[in-house]
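I opened a notebook page for this model and listed what to look up. The entries follow in the order I made them.

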Amino acid sequence: MCGAPALTSRVVRRAAAGGAAPVVAILGAAGKSGSLSAVAARKAGAGSVIGLVPTQAEADLLTSARLADQVVIADARDPAAVAAAVRAAGGPAQVTVVCVDVPGCEGGAVLATADAGTVIFFSMATSFSAAALGAEGVAADITMLIGNGYVPGHAALALDLLRAEPGVRRIFESRTAEGDGHAG
């Protein structure tokens, strides 16, 4: 989980250095790694953070945490719904970060991402062949990164974000109180 915000920060910082502040979409934004990634994206220069979640309860949690500029509800396994939700919220995204813990989210991430954009897959449920073939099939000119969990300074960055951001702490506290085992 600690690697997600660190790699998100690096990718968003590079995208922001190239011109306009990027739109960043976080799939699974109300989870632990998703909430940390949303804050990291904002601190790295995102122009807008779109948080995608599957339910109204998750949307309420993310909205109250104030970690995303736009909060949208869609099933991350439904590519058309994900793409439509992200576009309606100001996308497509220049950077899309997948922090969900279910298989089948590759297509939505690809379709929600602008040409020349980047998708970071941080879910061990990701099918990398589905991501690659899906991107090829829809002629998506994107870069796809596999988050391996290690980026220099990743643990310190995650702890600093957790300490400094009350919204992230609220999400973590709600997740640990639930004992949900939620990987996102």
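**Cysteines**

I looked up the sulfur of Cys 99 and found the closest cysteine sulfur, in Cys 105, 11 Å away, which is too far for a bond. My cut-off for a disulfide is a pair of cysteine sulfur atoms within 2.5 Å. A search of the whole structure gives zero disulfides. Cys 99 is buried at a relative accessible area of 2%, and Cys 105 is buried, also with 2%. I take buried as under 20% relative accessible area, exposed as over 50% and partly exposed as in between, with a 1.4 Å probe and protein chains only.

**Basis**

This is a predicted model, in which local features need pLDDT of at least 70 and side-chain atom pairs count only at pLDDT 80 or more, while totals for chains, interfaces and linings use all residues. Residues are numbered from 1 along each chain as its sequence is written, and side-chain values use heavy atoms, with hydrogens and water left out.

**Helix α2**

I take helices (H or I, at least four residues) and strands (E, at least two) as DSSP runs numbered from the N terminus. Ten of the twelve residues are buried, including Lys 32, Leu 36 and Val 39. Just after α2, I noted Gly 45 with a positive phi of about 115°.

**Cores**

I define a nonpolar core as a set of buried Ala, Val, Leu, Ile, Met, Phe, Trp, Tyr and Cys residues joined through side-chain atoms within 4.5 Å. In the largest one, of 35 residues, Val 24, Leu 62, Leu 67 and Val 97 touch the most other members. Elements giving two or more residues to this core include α1 (3-17), β1 (23-27) and α2. A second, separate core of 24 residues includes Ala 25, Leu 27, Val 82 and Ala 131.

**Backbone**

Most residues other than glycine have a negative phi, and most peptide bonds are trans. I therefore listed the exceptions to that pattern. The peptide bond from Gly 91 to Pro 92 is cis, with omega near 15°, and Pro 92 lies in the loop between α4 (79-88) and β4. Ala 116 has a positive phi near 70°; this residue is in strand β5 (residues 113-121) and is exposed at 65% relative accessible area. Ala 139 has a positive phi near 55° and is exposed at 64%, in the loop between α6 (128-137) and β6 (143-146).
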